[in-house]
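Okay, thanks for coming, everyone. Let me put the structure up, and then we'll talk about where its chains meet.

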There are 6 protein chains.
Amino acid sequence: MRPSNRANDQLRPVTLERGFARHAEGSCLVSFGNTKVLCAASVEDRVPGWMRGKGSGWVTAEYAMLPRSTHERMRREVTQGKQSGRTLEIQRLIARSLRAVVDLKAIGEVMITVDCDVIQADGGTRTASITGAWVALYDALKWMEGRSMLKGPALKDKVAAVSCGIYKGKPVLDLDYLEDSAAETDANFVLTGSGGMVEIQGTAEGAPFSEDELASMMGLAKKGIGELLDLQNQAVGA
Amino acid sequence: MRPSNRANDQLRPVTLERGFARHAEGSCLVSFGNTKVLCAASVEDRVPGWMRGKGSGWVTAEYAMLPRSTHERMRREVTQGKQSGRTLEIQRLIARSLRAVVDLKAIGEVMITVDCDVIQADGGTRTASITGAWVALYDALKWMEGRSMLKGPALKDKVAAVSCGIYKGKPVLDLDYLEDSAAETDANFVLTGSGGMVEIQGTAEGAPFSEDELASMMGLAKKGIGELLDLQNQAVGA
Amino acid sequence: MRPSNRANDQLRPVTLERGFARHAEGSCLVSFGNTKVLCAASVEDRVPGWMRGKGSGWVTAEYAMLPRSTHERMRREVTQGKQSGRTLEIQRLIARSLRAVVDLKAIGEVMITVDCDVIQADGGTRTASITGAWVALYDALKWMEGRSMLKGPALKDKVAAVSCGIYKGKPVLDLDYLEDSAAETDANFVLTGSGGMVEIQGTAEGAPFSEDELASMMGLAKKGIGELLDLQNQAVGA
Amino acid sequence: MRPSNRANDQLRPVTLERGFARHAEGSCLVSFGNTKVLCAASVEDRVPGWMRGKGSGWVTAEYAMLPRSTHERMRREVTQGKQSGRTLEIQRLIARSLRAVVDLKAIGEVMITVDCDVIQADGGTRTASITGAWVALYDALKWMEGRSMLKGPALKDKVAAVSCGIYKGKPVLDLDYLEDSAAETDANFVLTGSGGMVEIQGTAEGAPFSEDELASMMGLAKKGIGELLDLQNQAVGA
Amino acid sequence: MRPSNRANDQLRPVTLERGFARHAEGSCLVSFGNTKVLCAASVEDRVPGWMRGKGSGWVTAEYAMLPRSTHERMRREVTQGKQSGRTLEIQRLIARSLRAVVDLKAIGEVMITVDCDVIQADGGTRTASITGAWVALYDALKWMEGRSMLKGPALKDKVAAVSCGIYKGKPVLDLDYLEDSAAETDANFVLTGSGGMVEIQGTAEGAPFSEDELASMMGLAKKGIGELLDLQNQAVGA
Amino acid sequence: MRPSNRANDQLRPVTLERGFARHAEGSCLVSFGNTKVLCAASVEDRVPGWMRGKGSGWVTAEYAMLPRSTHERMRREVTQGKQSGRTLEIQRLIARSLRAVVDLKAIGEVMITVDCDVIQADGGTRTASITGAWVALYDALKWMEGRSMLKGPALKDKVAAVSCGIYKGKPVLDLDYLEDSAAETDANFVLTGSGGMVEIQGTAEGAPFSEDELASMMGLAKKGIGELLDLQNQAVGA
């Protein structure tokens, strides 16, 4: 039995609140149960130095947790002078996932940064971030389209993500914090709207996992991501 | 005429949403119009090194803005390796304001940190932070009381803050971003429930200001803070 | 009775030793009693990135204390990798105070930095810094004038500063270290030659302060700053 | 055809030169073709602060590339003040992989750090690091055993790693730099001696990948890691 | 002919103003011509972690230049987050020089830090620092003696330093800035009162130098340091 | 008797393995006994900002030790955010030594960086680095010559270095770690092929040293460096 009484293949209640951040070109407050992440997309008229003059744009992401988004207060990263390895790893994952569905040529020499700030954490913050960031990105691209800033269709597909794990010996979908802390294996899946895999990351926290377990988790992930893609559709009215 | 059509002595709509952050010992989402700050108070069983063994606690504050709380995206401070002078100045002000109403002996060797994270900015983030932080602090002290952690009455008074300015030659209350950018003078007032002054900071942005102008701004501040104190009372049900 | 036996409205002996730093375009060693600050103004042919091409200059300030300017040795800030909040706050205050009396258009695309290095500290280092920095700035602008670098009258007024406090229940002028450590309230005033207020910063260290107390401190500040302005006049031979 | 003329399921020549670093408790210079990594295990009589007093040890890893291990010189990370996200990600991966096969209780309150310094890079530095680090770790544990520092069998299994990718539409084993730069998909597999999975990380660099492609890569990985485990056996004479 | 019209074996006018820094346990404002360094010795009741419990003390030094001690303003090191290689090199040299004449056992578990802050620079700041620091150290040890903090005679000897160079083909003593910038070779000598060498550092800035040139410079150094030692004697009244 | 049984004027076995680093324009693995340093020269088509447009190039060096090159593991400098004073001092010494034998005009606006990474340390890492770096530099200049990048003869001479010390009262050549830790005096000599001195650095670790001792060490250094220059000749086939 899962601590939340969910079925093994059941997502937590997911909401995508579009347009939450008044100033951003696109934004979304995403909730996976008690995990809440504010995703805000900013369009800036510049690209990193190494991309200048190539006629192509860039999509990147930054990730952070508010100090008291967690059960115990975490030290604010700026007071330690740098981002942790975990933070860097997550924001690199979010950015790669988004770039997988954007035609960087079509956006011109523009930089889109999606800030994913965790307001409250209860497991799955990176997968919630990716899922919500896509909505923010969608709106930022709409905003660019409205200003004739696009050189062609820029958004190639949807992208969403979910975690799975082996919890008490069983594969389960969308781990919350209690499950995540106790899972033997934790895996994150990032899939596109057309079902292609963008990222897969599996880690044995305790005993190694088998190919069968990986296959079971992948099955759950496909089901869960299917539901997330539907919610994204509803959110953007597509 | 003010950009928001408010009377010169009129606050923006103010809300204090208590208990917004699930994990914190006390929290409040404060809004002064479009300015929204999440204040979360954390109680930790430790004090800074220089206070150890003195039988007394400490109250501190941290302040940050989400990168896209502002009209243009701001760089995340952690990527620059340190907090800006403005950030440090504001969090020192919030902390001093809170300590002015807490009996540090009564809380024992405990550290209370109030994190003020600006979700959306439209002027007055530091005064909104102080006003909301008091509510978060109130609840954190109640939480301690419920666990018999207090050695006596810890909260000596309420404290709230508001900005005033000389805008187009007239003293006005509670500047929003448009006013703040154009004001000749900007002043922040921090007052206690019993009307004492904890902090006053006035700065001429353009021409120097006169004693009369300072007196007018102080009059507005007392009116505005009176209203904020009432809202705090309602929020905590006192 | 004040520890120094001064009357409540009496400044410490103040000296302004012009031209102390051989290499600087303008400099002044200022003493407020045992507080000694070396102020050195540097004229550089560049402006910060965000000001380039606007035909306007910039005046800024930096502040630091020698490690053994204080009673106990303080750690050198560079060994901690960054400036403290207090340092940043003070140098921002000095810079704003100086900019209040300079016409930035008149100096052209030039940056003037006034370094205020505390050689010995006995309270009031920030107010001594502002008072001495004005003399250094005056000479730097003279130096520019001598090289026909000014596009018009650049110095609009004098500016000086003093601290006041409530010490043992009485308002007193120009606190030294002993008074500063024990004062209930501490306030800094920055006034121009024509009597306008540029900055006012009052902080209750213990109990909150009243409007009457603020008015008394302001009265003392006006008297003290009047005397400082006279000494600046004598120093620059105006 | 692969640039190196290897068959799709063929490893590069792999060597494991045990005991390369004279001072370390265990060490191995591992080569996967032109990729050379020096792995050195250090046993230190301390644990991180958060582990003290728990009777258990810790295994960690650090990773770095010599500035001219690469085709173009890379800036030394220390001159930028911090490790890159890529570096942190890799060293976290190496450390998790090693901890998966060590009984931390059995080593007592001891910290084993395996430094993986890339002497020459030609793709696959992280998988070579894991494979070589295991040999260094093996010898460090032998060293501890020789000093009766172990409280029981500490090494639970072998662990080795290899990369696979989709290169010009075909799944291939053990990518070198030329392949890695051009691959559509890149995946790293970390497996134990008993065939369990410790980590799997797959990333679409271009188009998303399918479940079939993932399965093919996994098949290659199992073959390649089988050969690496044999080489580890030979190296340690087991 | 030297720019200052000095004879080749002539020091600049040297002054040692003892007790310049009111708060320090020992201090000296040293001038070598226009080079002025404030040396302040602080006695603190602690030692670095690695020395604790050994019954022995430590003597160290820190060195910095005021931003406008130089012809052109230098950036303050703290704003770059760290000390330059040159700064670190100089303060390590000063500290080694001082430790060469102190019996660290005799001072007990105490740390003496001599801060050498360059107020004005005109060449030879490191040699002036060493010469002045000895006077500050002398007084700090006297201060300790007066409080019965010494376990025996702590000061074993005097120490002083001077630079020499090959300037326009001739060996000269005590280079000023103009000479230093143009010298083919620059060498610093640190000698004790009894004539032993503590440090010698010679660098060819242009063409390599010969043994004869080194011998000539050493001869000049011995003459110059002899005079400096006399001045130290006078300064401390010994 | 020396711990290694060497005669007092005897070098350790020295090897210079040219071309060790496959990607670098020039490289050399140098061994002085158990001290091993990998020197890799990189030619980059840029110069530091302050040199741009002057038609001249720059030669610089960086130095680091692998964490377990030493007897006890050393913390990796990047994890402390900056290079130590010792590291900066050494890399500045290597760079000055190399620049002494290069005609910077002849290499054009090109930067040559020689990375000296200590693989294993047993005393004398800085002198081994200089000796090996010259070989790497030689090959990098050959590489430039082969591409017609030189504007004239760029390499003016050879340069090599060795340490000497007073060990148990006797002058000895080429100290290893055991001797270095116990030596009363330690001196490094850098000489050119034509016998000129580029750098001399002598430090009394215990008692001051005399002119006679310095002369004895210089005699040993000249003998040792003569042998090193021969080995360099053989290495480059000149």
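So, chain A and chain B bury about 2,800 Å² between them, with carbon and sulfur atoms giving 51% of that; buried area here is the accessible area, with a 1.4 Å probe, that two parts lose on being put together, summed over both. On the chain A side, A:H23, A:R68 and A:R73 supply 27% of the buried area, more than any other three residues.

Quick housekeeping: this is a predicted model, where local features need pLDDT of at least 70 and side-chain atom pairs count only at pLDDT 80 or more, while totals for chains, interfaces and linings use all residues. Residues are numbered from 1 along each chain as its sequence is written, chains are lettered from A and ligands numbered from 1 in the order in which they are written, and side-chain values use heavy atoms, leaving out hydrogens and water.

Back to A and B. Each chain brings 36 residues to the contact, meaning heavy atoms within 4.5 Å. How many salt bridges are there between chain A and chain B? There are 12, counting a side-chain nitrogen of Lys or Arg within 4 Å of a carboxyl oxygen of Asp or Glu. One of them pairs A:E62 with B:R76, with the closest N and O atoms 2.8 Å apart.

Now look at chain E and chain C. They bury about 2,800 Å², 51% of it on carbon and sulfur atoms. In chain E, the residues losing the most area are E:H23, E:R68 and E:R73, together 27% of what that side buries. The rule finds 12 salt bridges here, including C:D115 with E:R73 at 2.6 Å, N to O.
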